[in-house]
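This report goes through one structure part by part. Please look over the sequence and the model before reading on.

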Amino acid sequence: MIQAVWVSFFSYNLITRTGEWQDIQNYLLAAQDPLFWRTIKNTFIFFVLKVPIQMALALLLALLVRQPFRGVGAIRTVILIPTITSMVVVSVIWGLMYHPNNGLINGIFETVGLPPQPFLINTKQAMPSLALMTIWKDVGFNMIFFLAGLMSIPDVYYEAGMIDGANRWQLFRHITLPLLRGTTIFVLVTSMITAFKVFTPVFLMTRGGPASSTRVIVLYIYENAFIYNKMGYAAAISVILALALLLASLFQLRYRAGS
Amino acid sequence: MDSLHSGNRYRSLFRFIIKWLGLTILILIFTGPYIWMVSSAFKPREEIFRYISPISWRTFVPLEPTFENIQRLLVELEFWRPILNSLGIAIATVTISLFINSMIAFALSRLKFPGRDFLFILVLATLLIPFEAIMVPMFLVVQNIGLDDTYFGIFLPWVADAFIIFLLRQHFVEIPDDLQDAAIIDGCTPFQIFWKVFLPNIRPALVSAGFIKFIYSWDAYIWPLIVTRDPDKAVVAIAIARLFTDQDILWEFVFAGSFLATIPIVLLFLFLQRYYVQGIATTGIRG
């Protein structure tokens, strides 16, 4: 980390392994670089498309697999399998599923009479397609935390609520949700960090395209450092990213310490 | 009375069907991509494309199952090499990191020395900064000490792991002091106490930590991508990505490679699911 801050003040050349002191030039460069702002915006769009839906689904699934019914163990396992599958495998398989001509999803669309979609090769659809895929992969991970949170709520609260004549929605609204606040904040912050450091699916499935519509911040760091050979600039963007995520984490720790 | 009764029966039958239809769709959403991947891995190339539209059972079942994709991938494209690389790296990462991190966790929970709690906070602080934000300087460090493009360089940054330290420390803390006192009276050195008394007591946590570490090591992509150039040192993730990003996507090999890379982990998961869930959940319910 200290090294990152240090390098960010240099113009470091990877091949000659030399650098010149650049002061805060790299940071000024970032402030004036429209592509940098574009990557921040894209990363934020990805976060907005992914995290709220993912958290809502994770909570719903946690409520579902908490019920005792036959086969619930199998359903829980099935939801968790994407979380242990490697991101590269998920990206390539979904990349083929999204394939405009031979992909599984357009196959399903055509079968039920929907028009085929371009998905990853369309500026409007690429980011939502990536978000959908990562929701599928990460929803089980969030579900684990919600499940643990649900288990920690004592049954007597629900029993007391039922004696007072509360229906299921009221029990959920006035007992489950408030008591899951700590869990929800934790899941929100960890999911936010995961969303802001997304790289592999974007790198493999769209390379930031089409027309930079999916170029996210970590991809931009990678490209600057290892393709354009601008190590100092890449380090400066890294420092900005690290500070932003650090702030989010501290917010969460503070909240937890306060409650 | 009679009609009311049968109305109830229809309604409960209706609810039953809706419930199982919903659950079936849910299961298909999560397993569909895997079924497609596994069946396509055993299909000849033309058959993969033939039954995509319209979708039918033929999309998900190989009509003429063949091992040719897997065999050619392993032998002609030398996919056995990345598999061995990934396995070796994962095993090395798991053993070394369990050994080192459990010692750190032990020291941070059972030994008394000045600055201990500050050290623990420092360790936890590393969890707040994701790897992606420090990969550039990390690469420069690894390059400067001459470990770029070596197996050692691939797993060295992953050995120390604050998550594992945290997880194991949680379990060390719960062991009663009497056990430690008894061992000291018996004349055990701190290392003996650690190795013979404490470690055997936290075996489930070690399985959790080891399995999670294995999954992350197997999953790693961006770091091996940065740090290795030699194709012989490629890990499974790199090799699969390369099949996918080639000029023409080698569909049958992408499926076969994904199948080989995924199924062993999934099978392992079926046995170790409990440990995985407990390990992950522990980090979430901390205060």
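Thr123(A) lies in the loop that joins helix 6 (104-111) to helix 7 of chain A. Helices (H or I, at least four residues) and strands (E, at least two) are DSSP runs, numbered from the N terminus. The model is predicted: local features need pLDDT of at least 70, side-chain atom pairs count only at pLDDT 80 or more, and totals for chains, interfaces and linings use all residues. Residues are numbered from 1 along each chain as its sequence is written, while chains are lettered from A and ligands numbered from 1 in the order in which they are written.

Thr123(A) is partly exposed, because 13 other C-beta atoms lie within 10 Å. A residue is buried if 20 or more other C-beta atoms lie within 10 Å of its own, exposed if 12 or fewer, and partly exposed in between, with C-beta atoms placed from the backbone. Leaving aside neighbours within four places in sequence, Thr123(A) is in contact with Pro210(A), Ala211(A) and Ser213(A). Contact here requires that the C-beta atoms of two residues, placed from the backbone, lie within 7 Å. From Thr123(A) to Pro201(A) there are 78 residues in sequence and 16 Å in space, C-alpha to C-alpha.

Next comes the core. The largest nonpolar core has 138 residues, and those with the most contacts inside it are Val92(A), Ile237(A) and Ile240(B). Helix 7 (residues 126-151) of chain A gives the largest share of this core, twelve residues. A nonpolar core is a set of buried Ala, Val, Leu, Ile, Met, Phe, Trp, Tyr and Cys residues joined through C-beta atoms within 7 Å. Apart from its neighbours within four places in sequence, Ile240(B) is in contact with residues of chain A, Val88(A), Val89(A) and Val92(A), and with Val254(B), Gly257(B), Ser258(B) and Ala261(B).

The domain bounds, which come from an automatic or database domain assignment, are listed below.

| Chain | Domain 1 (residues) | Domain 2 (residues) |
|---|---|---|
| A | 1-32 + 229-259 | 48-217 |
| B | 2-66 | 73-284 |

In chain A, nine residues of domain 1 are in contact with eight residues of domain 2. In chain B, the centres of domain 1 and domain 2, taken over C-alpha atoms, are separated by 37 Å. The contact takes six residues from domain 1 of chain B and six residues from domain 2 of chain B. On the side of domain 1 of chain B that touches domain 2 of chain B, helix 1 (2-41) and helix 2 (45-50) of chain B each supply at least two residues. Helix 1 of chain B gives the most to that side, with four residues.
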